[in-house]
Amino acid sequence: MIKSVCGYCGVGCGVEYEENKLSGNASYPINRGSLCQKGASGLLSIHPQNRLTKPQIRENIEDDFIASTYEECIAAIAEKIKQTPKEKVAFYLSGQLLTEDYYIANKLGKGFIGTNNVDTNSRTCMSSAVVAHKKSIGADFVPLRMDNIFRANLLILAGANTAEAHVIFHNKIKKAKKQGLKVVVIDPRFTETAKSADIYLPIRAGSDIDFFNLISKRLIEEGLYDKEFVQNHINNFELLKNGLNELSSAEMLERTALCSEQFEEFFSLYKESQNIITAWTMGLNQSSQGVDKNLALINTHLLSGKIFKDGNGPLSLTGQPNAMGGREVGGLATMLAVHLGFDDESVKKVSNFWKSDKISNKAGLSATQMLEAELEVLIICHTDPIYHLPNRNKMEALMQKIPLVVEINAYENSQSAKFAHIRLPSAPWGEKEGTQTNLDRTITKQEKLGKTFQNIKADWEIFKLLAWELGYKKEFDYKNPKEIFEEYQEMTKLNSYMDICEASYDELSHKPFVWGEKIKNFLTPDKKGNLFFVQNKELSEKTTQEYPFVLLTGRTRDQWHSGTKSASVPSLLKYKELNFCEIHSADADMLGIKEGDEIRVASKRGSLITKALITECIREKTIFIPISNREVNYLTNDLLDKESFQPDYNHSAVKIERLYKK
Ligand SMILES: Nc1nc2c(c(=O)[nH]1)N[C@H]1C(S)=C(S)[C@@H](COP(=O)(O)OP(=O)(O)OC[C@H]3O[C@@H](n4cnc5c(=O)[nH]c(N)nc54)[C@H](O)[C@@H]3O)O[C@H]1N2
Ligand SMILES: Nc1nc2c(c(=O)[nH]1)N[C@H]1C(S)=C(S)[C@@H](COP(=O)(O)OP(=O)(O)OC[C@H]3O[C@@H](n4cnc5c(=O)[nH]c(N)nc54)[C@H](O)[C@@H]3O)O[C@H]1N2
Ligand code: SF4
Ligand SMILES: [Mo]
């Protein structure tokens with residue numbers, strides 16, 4: 001019996017493997033034996049037809065690929081890197097990489113090639129939360145665990161569809177509800193999650209800052225905030241109070257499109273709840289004001305003192321299985337390793353640790369800026385930027401200009417493959433080992449469940465060979481992921497609050513380690529939490545007469561992003577279609593659209609064809625297309641949050657046209 005962990009989402013459920021069968025690990029604390037459909041189908045995703053099996057190379061992207069070897073491809077990549085100014089080299093990583101893969105790529109890029117252009121798809125996912133956590137609580141640190149909901153009275157889910165995106169956590173919510181937890185869901189769509197809510201608030205897309213500001217304003221005006229806590233532990237109270245004073249409650253409420261009865265019903269539940277957790281994810285993060293949305297939400301917890309106390313706190317729900325681990329080892333271009341920044345002292349510490357004098361003290365390019373930077377070498381690993389970046393037509397045009405695009409992928413049918421010059425296969429989940437950190441700081445080990453298919457290399461090995469080819473054999477002399485993990489553990493000693501050293505690599509698959517459990521205070525220099533006055537600046541793309549609908553995009557329960565792993569598994573195709581567009585019945589009537597009609601959805605940037613799914617479960621003038629439609633980003637706009645550089649995926653202006661009647 002092998003114990004391992006699911007490789008799909010940030011919940012991080014424990015699995016067991018025996019005699020070719022996969023099941024939930026009953027003794028694993030996160031899931032106690034349960035798995036969702038995706039987790040249970042893990043083995044089916046490993047051996048389908050669409051695996052990338054051979055290294056491939058070509059001179060131009062118009063040419064066909066020629067079969068090659070790892071050695072030949074890696075030599076070509078190293079040669080090109082050596083000839084290229086380091087600021088023109090970039091690594092595009094992923095929150096689905098294992099910690100060891102992430103660590104070694106980061107060490108190679110930032111430490112030895114000397115480019116801080118090492119970023120990740122987490123930029124499109126969690127970067128607004130990262131920036132906000134650093135500003136308000138002092139570090140990229142989630143101050144509570146999922147199981148805290150069993151000690152809370154109220155759970156607010158804002159822009160989070162847990163029933164589809166964090167399924168096993170959602171099952172916990174349902175269990176906690178039976179024990180008295182009340183749940184409020186804030187979403188422009190009446191989602192699967194909203195179905196189990198006590199109060200559902202159909203907020204207008206983009207107005208969450210107003211909603212959370214209304215809470216803060218009322219807490220202050222009615223003297224309901226925790227005065228002692230604020231006095232002793234919180235900065236900027238007067239600033240927030242004065243700022244909120246200037247805002248009109250009526251106008252804020254109007255922007256949310258909620259009526260005062262809805263807000264009052266919510267607020268009386270809020271007032272009477274002793275312990276409150278607010279959880280959120282892409283509905284807030286993916287926004288041109290993503291950081292401010294996070295700050296407005298966290299403000300409510302700082303004011304009420306409902307943080308660092310059992311059953312309380314802001315619970316950012318990370319999506320990818322190792323987005324947290326990636327950030328811990330420095331996977332973002334805006335930070336160095338082990339949560340250190342680019343200040344002189346941090347650069348010195350990391351330089352000493354890696355014994356390198358190449359580290360630059362300037363932040364690198366974010367994933368969302370890289371393609372615009374006239375790069376000469378782009379190494380993409382475990383992610384599909386052409387599929388997932390906004391404004392795809394523009395991104396395709398930019399990617400085509402890069403002289404060397406390398407794609408490291410376990411599967412062959414990514415959308416970025418068309419633009420690659422070199423493709424290297426890697427071993428996916430089940431065929432490799434290494435660690436990952438789930439959304440609430442639990443570090444577990446993925447185990448190899450069988451033989452690696454046709455001697456395909458794991459991601460860490462590919463980066464190691466590239467480092468060797470670049471002349472850094474001594475610095476990258478790892479025999480296995482364990483040696484990388486242990487070096488990383490040693491490195492965490494550079495950061496006073498990281499206690500990852502206490503974990504034991506060999507035990508992690510059956511005895512996960514939760515780091516940061518002793519942290520019960522703010523991690524800012526003065527140990528105080530920071531309030532920020534923020535307001536809704538309505539920076540998103542505006543709808544017009546020509547483009548009158550707001551497009552929302554997001555997940556369905558049984559599919560995983562571009563579907564390279566999930567769309568070929570028959571059991572995962574039963575729940576929902578890959579391609580549909582939710583549209584309100586009143587809007588459909590107005591446009592003469594019937595259920596199942598083929599429609600064209602278009603923005604200023606591009607268009608796609610999909611099928612109408614008529615519903616009352618979405619606000620009028622708002623539509624939803626799942627990201628299992630791989631073309632979705634032809635529509636989306638590429639506005640970014642100014643601080644986090646995260647895209648505004650949930651607010652693009654589009655029009656709809658019926659193609660034919662069924
Ligand atoms: N099945 C499945 N699960 C996944 C994934 C997957 O691909 N498939 N991906 C994982 C990843 S990487 C991530 S990041 C997470 C994402 O997890 P979620 O963020 O929960 O997933 P989304 O479907 O993007 O849901 C965002 C919700 O925000 C709502 N929303 C949109 N705009 C607004 C707004 O302005 N305000 C509010 N309040 N709500 C808004 C949308 O209607 C939607 O219901 O899921 C993870 N889990
Ligand atoms: N419109 C819109 N766009 C979005 C979002 C949205 O909500 N709306 N969400 C954003 C978010 S939150 C995210 S996280 C991104 C996700 O976007 P992506 O990261 O692009 O999506 P995936 O399909 O998960 O891509 C993972 C890739 O890794 C490959 N792979 C699988 N296993 C391995 C392995 O072991 N090694 C290697 N090297 N490769 C492997 C897969 O085949 C796949 O090509 O999308 C972002 N884009
Ligand atoms: S909830 Fe997430 S981690 Fe758990 S089984 Fe499902 S996909 Fe895997
Ligand atoms: Mo994500």
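## Surface charge and salt bridges in a predicted model

Glu59, Glu62, Asp63 and Asp64 form a negatively charged patch on the surface of this predicted model. One of these residues, glutamate 62, sits in the loop between β4 (56-57) and β5 (66-67). Its relative accessible area is 66%, so glutamate 62 counts as exposed.

The protein chain as a whole contains 21 helices and 26 strands. Its C-alpha trace extends over about 65 × 65 × 50 Å along the principal axes. Of the 662 residues, 64% are classed as buried.

The count of salt bridges comes to 39.

| glutamate 487 | lysine 107 | 2.9 Å |

Lysine 107 and glutamate 487 pair in a salt bridge. This pair connects distant parts of the chain, with lysine 107 in helix α3 (residues 99-113) and glutamate 487 in helix α20 (residues 481-491), 380 residues apart. Lysine 107 is buried, at a relative accessible area of 4%.

Aspartate 226 occupies the loop between α7 (208-221) and α8 (227-233) and lysine 309 the loop between α13 (290-304) and β13 (313-316), so the pair ties together parts 83 residues apart in sequence. Aspartate 226 is partly exposed at 24% relative accessibility, and lysine 309 is partly exposed at 39%.

How values were computed
Residues are numbered from 1 along each chain as its sequence is written. Chains are lettered from A and ligands numbered from 1 in the order in which they are written. This is a predicted model: local features need pLDDT of at least 70, side-chain atom pairs count only at pLDDT 80 or more; totals for chains, interfaces and linings use all residues. Side-chain values use heavy atoms; hydrogens and water are left out. Patches are made of residues with over 30% relative accessible area and no salt bridge: like charges are joined within 9 Å, nonpolar side chains (Val, Leu, Ile, Met, Phe, Trp, Tyr) within 5 Å. Accessible areas come from the Shrake-Rupley method with a 1.4 Å probe; for residues, only the protein chains shown count as cover. A salt bridge is a side-chain nitrogen of Lys or Arg within 4 Å of a carboxyl oxygen of Asp or Glu. Lys and Arg count as positive and Asp and Glu as negative; His and the chain ends are not counted. The place of a charge is taken as NZ of Lys, CZ of Arg, CG of Asp or CD of Glu. Helices (H or I, at least four residues) and strands (E, at least two) are DSSP runs, numbered from the N terminus. Buried means under 20% relative accessible area, exposed over 50%, partly exposed in between (1.4 Å probe, protein chains only).
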